[in-house]
Amino acid sequence: MHRKLRISEYDPLLHKLAGLFRAWAVKMLSYAGRVQLLSLVVNGMLIKFIGDSGPRDIRVPLSASVRDVTNETGWRLPQPRSDSALALHIHLTTVDLPLQDHTADTFHWVVESKECKGFSSSRTCEALRPRAQVKDWARSVWFSRAIPRQAFIMWLANLNRLPTKVRLASWGLNIQTACCFCNTHDETRDHLFLECSYSTALWLRIFARLDPNRTAFLSWEELLSWIRFSTASAPSTIMKLATQSMIYIWRQRNSAVHLIGFSPQQTTFATIDRDIRNAISARRHRRKFTTLMQLWIR
Ligand SMILES: [Zn+2]
């Protein structure tokens with residue numbers, strides 16, 4: 001999926017960056033560094049804040065640096081003659097004066113009050129990215145043995161963000177909302193994955209191997225709690241892999257929507273079966289491998 005980021009998505013990041021940058025500029029730079037840094041922006045800011053006449057009104061030459069307008073006691077600026085110049089003076093009272101020493105600049109990368117040994121993009125990203133509360137189903141989707149493309153679709157499905165026909169219609173698209181497998185019900189997430197005769201037949205084949213007494217799921221929550229409830233004969237790894245492989249229903253649905261048609265359940269189950277065997281085989285060096293394979297192919 002590719003799309004442009006929305007402003008609302010990157011705005012918090014920019015705000016945080018701007019805040020960090022200010023803190024960094026004030027705390028970490030010595031006098032010389034701040035002179036260099038601020039001289040680049042000082043006149044640009046003056047012009048932006050007061051207008052083209054800013055540098056002239058405040059009597060700061062275009063080439064001036066901070067050094068030229070400060071001394072040890074404060075800012076050397078003329079008395080304000082306009083509201084914006086007054087506002088600037090008021091603002092400057094809140095700005096610490098640069099350090100007066102001339103020691104060489106040193107740079108430190110500090111993430112959440114801990115100093116890093118050099119820049120770490122992963123720690124920085126972790127500290128800056130917006131966070132939501134962890135969903136209680138997160139471990140059912142993102143687990144070490146998950147197949148990434150399946151985990152991704154499963155994640156969207158759990159959030160009910162897959163573009164089912166009912167959702168597309170709710171966005172104003174003029175389309176038929178009937179399920180392309182059974183043609184008798186609206187295509188919602190729950191219908192497609194849990195209720196449709198196409199999916200229930202697949203689930204029954206999975207239940208036959210993992211949970212023979214199980215009947216069809218009545219809700220998405222019931223599916224989620226089934227994944228969490230693992231037993232010796234149906235360990236959570238296989239339950240999770242089996243559930244994620246049901247994403248093939250979505251693939252068959254897409255194929256039907258694009259008029260290529262969909263495979264019979266038997267073929268789709270063969271694909272699911274192969275995927276699960278492959279996922280288990282990929283861990284053949286692990287201790288539980290034999291047990292897992294035996295449980296799945298029994
Ligand atoms: Zn259906």
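This is a predicted model: local features need pLDDT of at least 70, side-chain atom pairs count only at pLDDT 80 or more; totals for chains, interfaces and linings use all residues.
**Helix H8**

I began with H8, which spans residues 148–158. I looked up which of its residues are buried and found Gln150, Met154 and Ala157. The three cover an arc of only 55° around the axis, so they sit on the same side of H8. I noted the general rule beside this: an α-helix has 3.6 residues a turn, so residues three or four places apart point the same way. On the other side of H8 I found Pro148 and Arg149 exposed.

Next I asked what covers the buried residues of H8. The cover includes helix H7 (138–141), H10 and helix H13 (236–245). I then went past the end of H8 and came to asparagine 160, which has a positive phi, near 55°.

**Positive phi in two loops**

I looked up glutamate 112, in the loop between strand E1 (110–111) and strand E2 (114–115). Its phi is positive, about 45°, although glutamate 112 is not a glycine. Is glutamate 112 buried or exposed? It counts as exposed, because it has 9 C-beta neighbours inside 10 Å and the cut-off for exposed is 12 or fewer.

Asparagine 183 lies in the loop between helix H9 (165–170) and helix H10 (189–195). I read a positive phi of about 60° for asparagine 183, again not a glycine. With 9 C-beta neighbours inside 10 Å, asparagine 183 counts as exposed.

**Aspartate 211**

I placed aspartate 211 in the loop between helix H11 (197–210) and helix H12 (220–228). Aspartate 211 has 17 C-beta neighbours inside 10 Å and therefore counts as partly exposed. I also checked aspartate 211 against threonine 231, 20 residues apart along the chain, and their C-alpha atoms are separated by 9.4 Å.

Terms used. Residues are numbered from 1 along each chain as its sequence is written. Helices (H or I, at least four residues) and strands (E, at least two) are DSSP runs, numbered from the N terminus. A residue is buried if 20 or more other C-beta atoms lie within 10 Å of its own, exposed if 12 or fewer, and partly exposed in between; C-beta atoms are placed from the backbone. The arc is that of the directions from the helix axis to the C-beta atoms. Two residues are in contact if their C-beta atoms, placed from the backbone, lie within 7 Å.
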